[in-house]
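Trainee: Please take one part of this model and go through its contacts closely.

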Amino acid sequence: MSDTWKNLDLSGGGLQQTNLRLAAALRRRRTAYLLWLAFPLGAHRAYLHDRVGAWAYRMASAAALGLLWVDARAAAAVALLIVAVALVDLVRLDSRLTRLNKTIRIQVYLRRPE
């Protein structure tokens, strides 16, 4: 079955329009895992609507790069900490994604009509 129904815009207030909004808003597992590969940039956290976590990755990565000029061991320690946190994120990614998608479903289906 093709996915052309996802591109239909009937602009109604019915269930079909709600399902179209939901399909566009839900986060995908494959995308989240692929973005995890760019963990120094916090891409997976940004995709999961965690701006603070995404910026924490970015700042820690910048700190590790900046420490390379001062002390390579300190830079390695910060980089190791970033990798450790990223591995914990990898383990918890599926549950975070499930929780976020549940929240999105609730927001879409309980949305008040305009």
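Mentor: Asp89 touches Trp36, His44, Arg45 and Tyr57, leaving aside residues up to four places away in sequence; contact means heavy atoms within 4.5 Å. This is a predicted model, in which local features need pLDDT of at least 70 and side-chain atom pairs count only at pLDDT 80 or more, while totals for chains, interfaces and linings use all residues. Residues are numbered from 1 along each chain as its sequence is written, and side-chain values use heavy atoms, with hydrogens and water left out.

Asp89 belongs to helix H5 (residues 72–109); helices are DSSP runs of H or I with at least four residues, numbered from the N terminus. Asp89 counts as buried because its relative accessibility is 6%, where buried means under 20% relative accessible area (1.4 Å probe, protein chains only).

Trp36, one of the residues that Asp89 touches, is also buried, at 11%. The structure holds one aromatic pair. The ring centres of Trp36 and Phe39 are 5.4 Å apart and the planes are at 35 degrees, so the pair is tilted; rings of Phe, Tyr and Trp (its six-membered ring) pair if their centres lie within 6.5 Å, with planes under 30 degrees apart stacked, over 60 edge-to-face and the rest tilted. Phe39 is buried, with 16% relative accessibility.

Phe39, Leu48 and Ile104 have the most contacts inside the largest nonpolar core, which has 16 residues. Such a core is a set of buried Ala, Val, Leu, Ile, Met, Phe, Trp, Tyr and Cys residues joined through side-chain atoms within 4.5 Å. H5 supplies the largest share of this core, seven residues.

How values were computed:
Helices (H or I, at least four residues) and strands (E, at least two) are DSSP runs, numbered from the N terminus. Buried means under 20% relative accessible area, exposed over 50%, partly exposed in between (1.4 Å probe, protein chains only).
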